[in-house]
Amino acid sequence: MSYVLSFHNILRWLILLFGLLAVVKAVGGVAGKKNYTGSDNKTGLLFMIFCDIQLLLGLVLYFGKDWFAMLKSNAGEVMKNSAMRFFAMEHAVMMIIAWILVHMGRSMVKRADTDAQKHKRSLIYFGIALLLILAMMPWPFRSGVGRPWFPQF
Ligand code: HEM
């Protein structure tokens with residue numbers, strides 16, 4: 001399970017990189033009225049693929065490390081403790097919402113009629129997803145729930 005946690009830790013950097021790249025490209029596309037290129041599409045696709053793998057790893061951690069079992073057997077205590085509530089509820093639920101937004105964004109972009117619309121939809125869906133991901137990350141400076149920048153081997 002510690003390897004899964006390490007992989008989950010490292011993968012967040014790829015998600016942040018491609019999420020940021022997708023948003024920056026979308027801003028450039030909207031502001032500069034640029035064509036929607038193959039590279040724009042690939043960036044969004046990689047952002048989605050890394051989020052998919054992260055969701056799978058997250059689910060393995062959630063069920064494998066007893067966060068769900070704890071919530072089921074003692075929901076009251078877990079919800080009262082902000083550190084436990086963070087991983088048992090807030091992190092998991094909000095990250096799943098971000099994942100849904102990334103998928104919705106991909107499908108909305110595919111269905112857009114014009115390049116301008118594709119950039120605008122990328123910006124809205126990927127932008128909100130990225131903000132959620134940033135907000136729900138257990139950054140090392142967060143009290144109670146902070147985790148290391150990089151995996152500890
Ligand atoms: C974009 C999506 C996600 C990102 C960027 C992310 C990021 C992280 C990071 C950085 C950690 C700390 C790793 C460490 O301690 O070294 C963590 C822990 C954790 N994540 Fe995620 N996560 C995401 C999605 C999810 C999802 C969807 C779930 C569950 C369904 C989940 C469940 C967990 C759990 C249970 C832990 C704590 C594991 C433990 O130490 O017991 N994560 N996550």
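Let's start with the largest nonpolar core, which has 20 residues in this predicted model. If you want to find it on the screen, look for Phe-47, Val-102, Phe-126 and Ala-129, the residues with the most contacts inside that core. Where do its residues come from? At least two are supplied by each of helix 1 (2-31), helix 2 (38-64), helix 5 (82-111) and helix 6 (115-135). Helix 6 gives the most, with six residues.

Which residues does Phe-126 touch, once we leave aside its neighbours within four places in sequence? The list is Gly-19, Ala-22, Val-23, Ala-26, Gly-44, Phe-47, Val-102 and Gly-105.

Next, please turn the model to see helix 2 beside helix 5. Their axes are 10 Å apart, and the packing angle is about 155 degrees. How do we describe a pair like that? An angle over 145 counts as roughly antiparallel, so helix 2 and helix 5 are roughly antiparallel to each other. The crossing of helix 2 past helix 5 is left-handed.

Who meets whom here? From helix 2 we have Gly-44, Phe-47, Met-48, Cys-51, Leu-55, Gly-58 and Tyr-62. Facing them from helix 5 are Ala-92, Met-95, Ile-96, Trp-99, Val-102, His-103, Arg-106 and Val-109. Sorted by class, this contact has 11 nonpolar residues, three polar ones and one charged one.

Let me pick out one more residue, Leu-16, which sits in helix 1. Is Leu-16 buried or partly exposed? Leu-16 has 16 C-beta neighbours inside 10 Å, so it counts as partly exposed; being buried would take 20 or more. Leu-16 and Phe-47 are 31 residues apart in sequence, yet their C-alpha atoms are 8.4 Å apart in space.

Finally, let's step back to the whole protein. The protein has 153 residues, and 24% of them count as buried. And if we take contacts between residues at least 6 apart in sequence, 70% of those join residues at least 24 apart.

Notes
Residues numbered from 1 in each chain as written. Predicted model: local features only at pLDDT ≥ 70, side-chain atom pairs only at ≥ 80, totals over all residues. Core = buried A, V, L, I, M, F, W, Y, C linked by C-beta atoms within 7 Å. Buried ≥ 20, exposed ≤ 12 C-beta atoms within 10 Å, placed from the backbone. Helix = DSSP H or I, 4+ residues; strand = E, 2+ residues; numbered from the N terminus. Contact = placed C-beta atoms within 7 Å. Axes fitted to C-alpha atoms, helices over the stretch in contact; angles between N-to-C directions. Parallel < 35°, antiparallel > 145°, perpendicular 65-115°, else oblique. Left-handed = near helix turned anticlockwise from the far one by under 90°. Nonpolar A, V, L, I, M, F, W, Y, C, P; charged D, E, K, R; others polar.
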